[in-house]
Amino acid sequence: MHMSYWFGVDVGSFLFSGYNVTTVWGLVATCLGLAALAVLYEAMKVSQIYLQPSAIRPMSRTTSATSESSSLLSKMRPKNLRTHTKCGSCSSWTLQTLHWSLHTALGYILMMAVMTYNAYFTIALAIGACLGYFIFGHTLVQLNMQRFYRKQTIVECDKNCEDTVSNQQRRESAVSIVAEQLVIEANIEVHVPRDT
């Protein structure tokens, strides 16, 4: 077993005992397959977002913060676990779990391919991952931003929440004013003429 990167065709048994890579065409086919798996890995990241429902729902306006130090996060709560026992939710949760399991298993397989230290396999995986990100990366970023904005608009704020936010903003502006004054004071240089 190699413990450093090497360029070679005769890999021998690869990942499974019955799969032997000994020829150039076998190496090329394996590299193409690994690149395709890397693209699939990136595509599964996008499909994972489509499968995940929003995990945050708003609380009613009647609940209020108990003190000034209450966090805005207390205004949000995760969905109740009992909602996953319904038939539709249960099948959705099962599909999400299956997808996550396949995504994780694929990640481990790709990691094991890199751990053979065959430079051709690593190059094929890097090219496949770059190609996958080129194809799906923009969609992944857009979906994450949409999910972020959706979660941001879900939060309903009552009177105490609004007061907490405005107090926090006042504190931050006061701190920034004091910090600016300290920086200005620190940058003042005093030039006194020398008596000769």
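**View 1. Tyrosine 117, partly exposed in a loop of the predicted model.** Tyrosine 117 has a relative accessible area of 26%, and it therefore counts as partly exposed in this predicted model. Tyrosine 117 belongs to the loop that runs between α2 and α3. The phi angle of tyrosine 117 is near 65°, a positive value in a residue other than glycine. For background, most residues other than glycine have a negative phi.

View 2. With a relative accessible area of 39%, leucine 15 is partly exposed.

**View 3. A nonpolar patch on the surface that includes Leu15 and Met112.** The patch is formed by Leu15, Phe16, Tyr19, Tyr108, Ile109, Met111, Met112 and Met115, which together have about 780 Å² of accessible area. Methionine 112, one of these residues, is located in helix α2. The relative accessibility of methionine 112 is 42%, so this residue is classed as partly exposed, since that class spans the values between 20% and 50%.

**View 4. The largest nonpolar core and the surroundings of phenylalanine 14.** This core consists of 15 residues, among which Val11, Phe14, Leu27, Leu34, Phe121 and Leu125 touch the most other members. Two or more core residues are given by each of the helices α1 (24–51), α2 (87–114) and α3 (119–154), and α1 supplies the largest share, with 5 residues. In soluble globular proteins, nonpolar side chains tend to be buried together. When neighbours within four places in sequence are left aside, phenylalanine 14 is in contact with Tyr19, Val21, Thr30, Leu34, Ala113, Thr116 and Phe121.

**View 5. The salt bridge between glutamate 42 and lysine 45.** The structure holds 1 salt bridge, in which glutamate 42 pairs with lysine 45, with 3.3 Å between the closest N and O atoms. Side chains of opposite charge can pair when their charged atoms come close. Both glutamate 42 and lysine 45 are part of helix α1, where they lie 3 residues apart, about one turn of the helix. Glutamate 42 counts as buried because its relative accessibility is 11%, whereas lysine 45, at 27%, is partly exposed.

View 6. The protein chain has a mean pLDDT of 75, and 58% of its residues reach 70 or more. Confidence is highest in α1, at a mean of 94, and lowest in strand β3 (residues 56–58), at a mean of 43. The pLDDT is below 50 over residues 54–69, a stretch with 34 contacts in the model beyond near neighbours in sequence. Residues 72–77 likewise stay under 50, and the model has 16 contacts for them beyond four places in sequence. Where pLDDT is low, the predicted coordinates should not be read in detail.

**View 7. The whole chain, as context for the close-up views.** The protein chain contains 4 helices and 4 strands, which follow the pattern β-β-α-β-β-α-α-α when read along the sequence. Of the 196 residues in the chain, 22% are buried. Among contacts with a separation of 6 or more, 72% are made by residues 24 or more positions apart. The chain exposes about 14300 Å², of which carbon and sulfur atoms supply 65%.

Note on methods. Residues numbered from 1 in each chain as written. Predicted model: local features only at pLDDT ≥ 70, side-chain atom pairs only at ≥ 80, totals over all residues. Heavy atoms only, no water. Core = buried A, V, L, I, M, F, W, Y, C linked by side-chain atoms within 4.5 Å. Buried < 20%, exposed > 50% of the residue type's maximum accessible area, 1.4 Å probe, protein only. Contact = heavy atoms within 4.5 Å. Patch = residues over 30% accessible without salt bridge, like charges linked within 9 Å, V, L, I, M, F, W, Y side chains within 5 Å. Areas by Shrake-Rupley, 256 points an atom, 1.4 Å probe, with all protein chains shown as cover. Salt bridge = Lys/Arg side-chain N within 4 Å of Asp/Glu carboxyl O. pLDDT = per-residue confidence, 0-100.
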